[in-house]
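The following briefing is intended to be read alongside the sequence and the coordinates.

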Amino acid sequence: MNQKIIELEDVSFSYGKQLILNNVSISIFKKDFFGIIGPNGGGKTTLLKIMLGSLVPDSGKVRIFGKSIINSKILKDIGYVSQKATNFDNNFPATVFEIVSMGRFAKRGLLKNLVKEDYTIIENALKDVDMLSLKNNRIGDLSGGQQQRAFIARALASEPKMLILDEPLIGVDMESQHKFYELLNYLNKEKDLTIILVSHDIGMISKSFTKIACVNLNVKVHNVSKGIDNADLICSYPPGFKIFPHHHD
Amino acid sequence: MLEIFQFIFMQRAILIGVLIALICAIVGLFIVLRRMALLGDGLAHISFGGIAAGMFFSIYPLLSALLFSVLGALGIQKLKRTKIYSDSAIAIFFSFGLALGVLLISLSRGFTTDLMSYLFGSILAVSVQDIFLVLVVGLIVLITIYFFYKELFYITFDDSSAKISGLPIEKIDNLLVILTAVTVVLSIRIVGILLVSSLLVIPASIALLFKRSFKQTILLSIVISVLSVVIGLVGAYYFNLAAGGAIVMVLIILFFCTILWFNTK
């Protein structure tokens with residue numbers, strides 16, 4: 001049977017009196033390429049924080065890798081690329097290699113130095129994102145797209161069971177976006193990696209996705225393998241919100 | 001030139017000076033990059049309260065300063081995690097240490113010359129006890145940094161990612177602040193309370209101008225720091241100057257020369 005990676009059951013969450021998520025149920029399986037799409041303020045980030053254990057829902061059940069307590073042991077198996085990842089101090093003295101090696105730190109554990117095996121994994125992660133030739137460059141000297149790939153490599157270096165990308169294409173040019181999708185497809189299809197991608201931009205909807213969840217207070221999950229019906233994809237956006245869905249191959 | 005190394009007080013000063021320079025260069029880079037450059041200054045002033053308390057109650061002053069500095073550091077961390085801004089937290093503890101020191105001084109007159117040596121540093125006043133403290137505690141600090149290097153590096157770059165990757169970031173952050181507190185106290189004998197933060201901030205700031213990798217930046221910071229301390233100590237001996245002031249002047253000159261050099265390149 002296909003293994004359940006994330007399971008949310010009737011999850012509700014509110015900030016004060018403001019209801020953000022209402023009875024949300026989502027199942028994400030191994031090898032899914034799961035898109036979470038919705039307008040800003042629709043609850044995507046809250047949903048993500050619940051999945052990462054930084055927020056506890058008011059009601060409902062959350063299980064990650066079959067476990068209901070999300071501790072640091074669970075987090076070590078999640079590769080996470082924050083929307084703020086590329087928003088760092090450009091003068092920070094670190095090379096791409098040093099940044100990607102951070103992905104091994106929690107895996108190796110406290111008080112231990114990285115060993116040869118870690119360096120092989122780091123080199124492989126750099127190869128996967130096609131950044132090996134830039135490994136000795138300073139991270140702050142790279143373009144937005146290259147930095148994005150470096151941070152994906154850092155997530156991959158932790159050998160995660162699932163990769164979560166939060167708004168990964170902000171500030172990344174069109175050509176890099178195309179390469180970015182090729183990379184994610186490769187990781188999903190060839191490396192069997194479960195991927196969750198969060199975006200406010202409906203233009204992000206790609207043929208690569210196996211499932212798409214529209215998040216706006218409620219969540220509606222669409223199964224893409226049955227063919228995308230554009231009408232179906234229109235999430236409950238506020239009135240007057242213009243949507244231009246287009247596909248990335 | 002070599003005659004100065006025949007004096008026991010110079011040997012002692014150089015020995016602990018180099019060790020302190022090494023530690024300050026490393027700890028300093030972490031706190032500068034974490035935008036906590038003023039933490040060193042704050043902790044030094046908290047130590048002032050500890051020094052005064054030690055003298056008042058006839059305890060070894062550096063030991064009571066160590067206690068004050070570490071407790072102050074933990075207090076700052078605690079306040080920082082409530083609704084107090086971290087620079088305000090530093091200012092509050094800073095004032096507390098200074099006020100306590102001033103009160104104790106006004107209660108007992110007579111230890112002012114000794115106190116001056118702590119405020120401005122004095123290589124002539126370095127005792128065997130000081131050497132023992134600096135060597136033992138200094139080595140503990142270096143070993144701790146060695147074992148937590150990768151975690152310190154990660155939280156310095158981005159603590160929220162470090163947290164989600166499964167690292168105990170609050171504990172590592174506390175560790176860094178405690179290391180800073182200890183480093184500050186160890187440096188007091190050589191450069192004095194008022195100039196401690198310069199040894200933490202300036203070598204790291206110069207090294208950062210070179211825009212290298214993290215490891216190279218640490219090495220650069222160490223080289224700059226050790227070199228300045230040795231030049232400063234030797235210069236102080238030959239020109240009969242206060243060692244702390246001489247060391248800091250060397251650092252300041254290096255800093256502006258580096259900036260000038262990069263601007264004209």
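In this predicted model, 13 residues of domain 1 of chain A are in contact with 10 residues of domain 2 of chain A; two residues are in contact if their C-beta atoms, placed from the backbone, lie within 7 Å. The domain assignment of chain A gives domain 1 as 1-77 + 161-249 and domain 2 as 90-160, with bounds that come from an automatic or database domain assignment.

Because the model is predicted, local features need pLDDT of at least 70 and side-chain atom pairs count only at pLDDT 80 or more, while totals for chains, interfaces and linings use all residues. Residues are numbered from 1 along each chain as its sequence is written, and chains are lettered from A and ligands numbered from 1 in the order in which they are written.

**Domain contact in chain A**

- On the side of domain 1 of chain A that touches domain 2 of chain A, the elements giving two or more residues are strand 6 (162-166) and helix 6 (174-189) of chain A. Helices (H or I, at least four residues) and strands (E, at least two) are DSSP runs, numbered from the N terminus.
- Helix 6 of chain A provides the largest share of that side, four residues.
- By class, this side of domain 1 of chain A has seven nonpolar, two polar and four charged residues. Ala, Val, Leu, Ile, Met, Phe, Trp, Tyr, Cys and Pro count as nonpolar, Asp, Glu, Lys and Arg as charged, and the others, Gly among them, as polar.

**Contact between chains A and B**

- The contact takes 21 residues from chain A and 19 residues from chain B.
- Helix 2 (72-75) and helix 3 of chain A each supply at least two residues of the side of chain A that touches chain B; helix 3 of chain A gives the most, with four residues.
- The side of chain A that touches chain B comprises 13 nonpolar, five polar and three charged residues.

**Three-stranded sheet of chain A**

- Three strands form an open sheet in the order 2-1-4 (chain A), with antiparallel pairing; two strands pair if DSSP finds at least two bridges between them.
- Strand 2 and strand 4 of chain A are the edge strands, each pairing on one side only. On average, neighbouring strands of this sheet are turned by 15° against each other, direction ignored.
- Strand 1 (residues 4-15) and strand 2 (residues 18-29) of chain A run antiparallel and are joined by eight bridges. Within this pair, Tyr15(A) stands opposite Gln18(A), and Glu7(A) stands opposite Ser27(A).
- These two strands form a hairpin with two residues between them, and Gly16(A) in the turn has a positive phi of about 60°.
- Strand 1 of chain A is also joined by five bridges to strand 4 (residues 59-64) of chain A, again antiparallel; here Glu9(A) stands opposite Lys61(A).

**Six-stranded sheet of chain A**

- An open sheet of six strands has the order 5-6-7-3-8-9 (chain A) and mixed pairing.
- Its edge strands are strand 5 (78-81) and strand 9 (218-223) of chain A, each of which pairs on one side only. The twist averages 15° from one strand to the next.
- Strand 8 (residues 211-216) and strand 9 of chain A pair in the antiparallel sense over six bridges; the bridge partner of Asn216(A) is Asn218(A) in strand 9.

**Helix packing**

- The axes of helix 3 (residues 96-108) and helix 5 (residues 144-157) of chain A come within 6 Å and cross at roughly 30°. Axes are lines fitted to C-alpha atoms, for helices over the stretch in contact, and angles run from 0 to 180 degrees between N-to-C directions.
- Helix 3 of chain A is therefore roughly parallel to helix 5 of chain A, a term for angles under 35 degrees.
- Their contact includes Val96(A), Ile99(A) and Met102(A) of helix 3 and Ala150(A), Ala153(A) and Leu156(A) of helix 5. By class, this contact has nine nonpolar, one polar and two charged residues.
- Helix 3 (residues 61-80) and helix 4 (residues 86-107) of chain B pack at an angle of about 145°, with their axes 9 Å apart.
- Among the residues making this contact in chain B are Phe68(B), Ile76(B) and Leu79(B) of helix 3 and Ile90(B), Ile92(B) and Phe93(B) of helix 4. The contact residues divide into seven nonpolar, four polar and one charged.

Key:
Angles under 35 degrees count as roughly parallel, over 145 as roughly antiparallel, 65 to 115 as roughly perpendicular and the rest as oblique.
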